[in-house]
Amino acid sequence: MMLLLFFIISLALSGATLLSRNRSVTKVIATTFAVMLIAVTVHAFINIGKTELTYFTYESTSVLLLAVLALLTMPTVWHGFIYTRDDTLKRYNIYHSGLIALMTFMAGAYMANTMTVLWIFVEATTLAVAVLIYHDRTEMSLEATWKYVFICSTGIALAYLGILFLGFIYGRGDAPNLSFSSFSMVISNADPLYLRIAFIFVLVGFSTKMGLFPMHTVTIDAHSVAPPPVSALISTALMNVGFLAIYRVYTLFSTTSVLSFMNHVLVLAGLFSLLVSAGYMLKAKHLKRMLAYSSLENMGLVAIALGTGKHGYYAALLLIVLHSLAKSSLFYQMGQLSRILHTFKLDESGRYMKLYPAGAMVLMTGMICILAIPPSGMFISEFMIFKAMVSNGQWFVLTATVILLCFVIYAMSTRIMHVSFSSPRDGLELKKPGFVSPAETVSQFVLLALVIMICFYQPPFLVDLINRSIALLP
Amino acid sequence: MVNYLIVLFAITLMYFASAERLSTYIRLVALQGLLLCGIAVFELKEVNLANLLFIVAETLLFKAVVLPYLLSRIIRRSGVTKVHRQAVPGFYLLLFSIAGLLVSVILATILLNPFINPIYLAIALFTLFTGLLLIVTHKLIISHLIGFLVVENAVFLFSLAIGNEMPMLINVGILLDIFVGVLILGFFGLRLKAHTNELTMLKD
Amino acid sequence: MTMAGFILIAVAAFFFPGIILRTKSLASGRKGPGLFQPLKDIAVLLRKGSVFSGTTGLIFRIAPSVTLASLTGAMLLLPFAEQKAVLSFEGDFILFAYLLALGKFFTIIAALDTGSSFEGMGASREALFSMLVEPAFFVLLATFAMFTGYTSFSVIFNHFFITGNDYVLIYSIIGAYLFVQIAMVENSRLPVDDPKTHLELTMIHEVMILDYSGFDKALIHIGTYLKFSVYGSLIYNLVVPAGWNIILQTGLFLAVQGLFAVVIGFTESFRARNKMNKNPKFILTLSAIALIAFIVILILTEKLA
Amino acid sequence: MFSTIAFLIISFVTLLIFAVPKPLKYYFTLGLLVAGIALTSVWSISVLTGSEQLREIPLFLPSAGTGFVLVIDALSAFFILVINITVLIGFLYARGYLAPYGQRMNALRFSIHYFSYLWLWLSMLMVVMIRDGLSFLIVWEIMALSSFFLVIFDAEERSIMKTGINYLIQMHVGMFFILVAFLLVQDATGRMSFDALGEYFAGHRNLPLFLLFFTGFAIKAGFIPLHTWLPEAHPAAPSHVSGVMSGVMIKMGIYGIVRVVVPMQSDLLVTGILIVVISLITGVMGVMMAIVQNDLKKLLAYSSIENIGIIGLGIGMGVIGQALDNPSLTLLGFSGAVLHILNHSLFKSLLFFNAGSVYHATHTRNMEQLGGLMRRMPWTAMLFLTGSLAICGLPPFNGFISEYLIYMGMFNSLSGSALYPSILIVGSVAALSLIGGMAVFCFTRAFGITFLGEPRSEEARHAREAGRSMIIPQIGTVALILLIGLGSPLVVQPVFEIVNRTWSLASQPMITGAFASNLSQISIAGGVFVVTLAALLLYRRYHLGRRSVTTGPTWGCGYTAVTPKQQYTATSFAYNYNHLAKPVLQTRKEIDEIGENEIFPGKKRFASHSDDLFKRNLIDRPVDCVAGLLKKIAVMQTGQIRHYILYAFVFMLLVLLLAMLNIL
């Protein structure tokens, strides 16, 4: 019941923003939505495992990712206010209605317990994101939006084929709905070949959303134009949606004989992602694109973690959560950075430490967190991945991962440090920096603090959630 | 009966490979819409009437009329008629699609499954292949769009293959059409330069 | 009584340079100065005042005293006959070597203190050569330790002749030879360096003390003389069994020192100085010979059989 | 309980540094430092005095891993003391050193610097106290990170930033080695801790695991050829930091190696030989490269590598001693190493501090620009001289004692040991003596060129003595150096004790007893030397007082128009040597030749660099190659939709194919 209310109200709110006559109303609406989302999360957490509206279940993974989303809502909305301050009322409203819609759809996708419903919500997110990416109304943003929508829809079509193949594995007269629970009944006597094909389609299809190789390309292009708060969502919560879709199917199939196949494919995709991201980060000239590549790298790690199994499962989920926190805070910071330096181009930026110390601190702390250098919590999950690798004796994968990671670290740290300290290359002078209050970095520091805390202390409820969500896996 | 239609469908796919003019593409798309409609009618015996009507209406309306119309408007506006700017010469395209046909037939035989009509599977796979091929080998946005429509037809065919078991899947698949409609309206409303392939401002 | 060695070395040092001079002059058919000429020189220097370069500072002034002090320290470690040295303990020869090194350190930086290009040259050469000679000395000591199983001068030399093996002869000859050569290098005499050259460019030790005068120069001279007799006493301890009675020992000691001086004299009069860049090779050969000694010991101690 | 809370409070209060107003930051940090040092020193002394064998202080327990428990045994206690001494003196020195940066940098920069300094110190303390693997890795990495931020204090300089990042990466690589090693242990024993090593070693081959650990720790310690970060990072860092890094941080690598070596049970001989050989290479190459450096701090960095070699030699000898169960070699080897760790931390930090003072006064580290500083900054000069004498292992300073111990270990075991060990030992003796000789060469050059003669540049001519706040703390170091040098018995006995407890050797009273007497004799000799020297100098004073003392110009062989340019330079001092060492060092020369038809040659320049072979061939080349490869791979982001789809298409076909063929 609660859920139905939530969907109706939030869609209503999203519509209402379009009609609102002044910004403060919009602000109020957006804030109420955020509060409501948090409320829903709490509700979901309280009666975990319950099913509502037949198509939605408060399954532990959903709750986990929902919690992450809820954590990001407030800051996202707030940074959104700041970012769109100078826009016309119309665009201001469109932005926020799009944002609300996007969050609603993502929440829906998290909680969906049926493949098709999940798929529908994913499709819906694409539309919402398109609106947000196009916010700046420039040639570039148009291009990015077009690409994003086109590739995503292709991906979605492919994913749908995957779902259809899932459909094929039913004999006549089986349970006619595609909920995961009913799947798990019949999965055992399914033709492995079908499962394999289905998995490939789903993986490739949803890799657009998850930002994993091979369809990672669009998200990266999208990042270079999307408003920073939106990027923060795209490369965290939205990626989690993609991950969730793949993870569901993986969990579903993990009881069958195709497990090892899936693992291999995942590791393959993961290694490719690492490779590509490492290569591009060495070449990156645009700060936000670099961050996008680092998301690609992290998703690659997640895929590898899934593929390695054992502690890898725990690591994957932990990594997903922490990456969301760290990466989003970095992207929020991009908002302030663009207001100080008026550019994301590395060659034109620099001396951030002098111009905006608090921001530089965020950059560096965020860098340490995202690169999984202790005291970043991500180190724990990286550690677990290696643990799994060692106990599986996957020496090649381990070596490759380590080497690529080192290059990633090198590339990212050089760039971030350049922005923070050195002066712009080839004598480019910085434009007159605008004033930004240090207070804006508070939320980012909070998120990063959480990431660092995980390194030393993981709250039991988190551990419990993760353990429950990987309970089905072998 | 169904099989004839499907074969016909396959032939239209072949034409995609060899066609020269965009208008041909559009006609082909429309034709495919009609064919799919027919296939749906003859195939879906076990679904209830309302659902069937919905599906038929959708195919006729969207696939056969709305989308082709929109496309032709765009073409008229952008004023390009020929499918130039191919990355690969048409001849090789043809070869590719023939190879694709063979591959998909083989795949279909491998994937043989008592509940599924193998020819569906084969053609559907072939359709998918052609669609992707169109996207991959053409440079024009418009051709990409058409390629996508083909992919989507493939999806539709697939869903028809098990439509009797779970019509719900078809209905969901239909969402794609609407989605694309929105997409086209949305973007070519925004004066996206349909005739160009200059969408490379964003790259590394 | 334990001071005997100390005193004898000091005494021997007084005659040492004189004997060398005398031998050289006789060898070259001159009459030459009296035995005590070097001592007289020192006396003269002591009477004179001093001139210091304006560049030089504290280091330049304390260096000679440091060198002499370190030598005194080293002398205390040397045994005589059965007498244990004043300070004798396991590994005293390590201290011995490092004390000499300490002296050298100061000589070198003192030379650099003058800021003269010539003295820098000498300093660099001295540093290089003494760096190269270290291994030879230490390997030789290692062979002692290996052979006798002890690590202190006094004990080593007391146990030297216990094993009546004919390899011992070879070994002690090599040892003596090495000591002589090392002494030559350490005192920068021929063939490594010729104290009698008159061209600064070809000097090593002499050029380093160009700027010294008066008291400090006297100290430096005393230092060099002492160094000679120190090495002389090492050689003596090596070749003469410790068991014999003390009078005889004293005589022999002076005799050996004299002989050593004569040998030096003759070599200096009949041999030309090495080319400067030939020196490193020459010094490295010493280490090589030390290694041969080591192999001999391996045979002696039946490890290599 | 109290200890836990106190420690936690200290580590959390460090965060306040960001809130403290700029002028007070230094004192705030100092306060924390002193408090923490008092606390930890009490722990370590209580352990060392044997009032308790082992002290456990549990911090909080994270859900992953067995948690943060500080365990202090004799070894940790020793290291705690070493860390505390160096860190404290370094920070006292830092006040004067950082003063000029005051206006140039904003408060945050200082906060970061002090914060990192505190955390470098805390993490080092925790590194030597934590046994659990995961927690160890965490603090280990925190140590690397904080030192990274310390190194890049002067971050506007691109070169410094580059160096810092290079350092960070290499540390990370090292961490991965240790990580994998620990994971192997975990996999075999189910526990991941230094305590589990014994169990692992009992059941498996020892060498492979040791090699993994050794590689990881050797990168930190700077064993050749894994040293390449070291000579870059030390000059880049501010001097108090380089002092601490070179003084104690690289010793953490040694600590790790010791921790791993202690529980080893088989493969001891080969391990020992391995360590010895690597250490000898490290020592010799290190000092060889140190000699040719013209950058004062780079020279010191290389000499740190050399000293790591000496420490390693000691440890290796100890291990060999265990293998051949030769108690005296074991005891003396390990004790020499342990003592040399302390000694090196003292004199190397001293040297770095004074190099810093020189840089501070002249704004250059290039010895060719220096000279004649002795008269302008006498205190600094004397301190540097003390450091040089000590690092050359000359009596009566502390360096001699540790080298003496190692030498004695080797000499004592010569007669007893079989053929191959004795060959190895004699080789090591030769090498060690060579190292000693080269050290003398290196530091006569360093001291002589920098402080003596005439100034070679304007900066040097107008150098000012460093402030009192920079001099006074170092007096403490000198006092310690002399204490160890002259009062060695007092120090060596505890060291024996530590070694006996760490390796649980049955303490050999005969050896330790004998050594008490040996060392006291050495002290006497030192005393004699000092007294004689004093007497001589007094007499000299009296003597010269009664004669005419005049000053004139330096003797220039009749040439009177002498300029400082004609002095022997650092390069020319090493010329002969360079000639010998050419095959190993590869000194590059840049000369612009005089042209054919150049009747009146204009200005010409000559420059010679000697760059690090290992860096070029082991690090730069492979990395460049791989990076180039990666960049080549990265060509997918063409911005063209059809390509984007193509990747998916190809990937799917590929995987499908593999799936069909049942390869995946």
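The largest nonpolar core here has 623 residues, and the ones with the most contacts inside it are A:Met106, A:Ile133, C:Ala142 and D:Met124. A nonpolar core is a set of buried Ala, Val, Leu, Ile, Met, Phe, Trp, Tyr and Cys residues joined through C-beta atoms within 7 Å. Helix α5 (residues 117–148) of chain C gives this core its largest share, 20 residues. Domain 1 (1–173 + 237–250) and domain 2 (324–536) of chain D each supply at least three residues; the domain bounds come from an automatic or database assignment.

The model is predicted, so local features need pLDDT of at least 70 and side-chain atom pairs count only at pLDDT 80 or more, while totals for chains, interfaces and linings use all residues. Residues are numbered from 1 along each chain as its sequence is written, with chains lettered from A and ligands numbered from 1 in the order in which they are written.

## A look at D:Thr380

D:Thr380 sits in helix α15 (residues 378–391) of chain D. Helices are DSSP runs (H or I, at least four residues), strands are E runs of at least two, and both are numbered from the N terminus.

D:Thr380 counts as buried because it has 27 C-beta neighbours inside 10 Å. The cut-offs are 20 or more other C-beta atoms within 10 Å for buried, 12 or fewer for exposed, and partly exposed in between, with C-beta atoms placed from the backbone. D:Asn354 is 26 residues away from D:Thr380 in sequence, yet their C-alpha atoms are 5.8 Å apart.

## Chain B

Chain B has seven helices and zero strands. Of its 204 residues, 48% count as buried.
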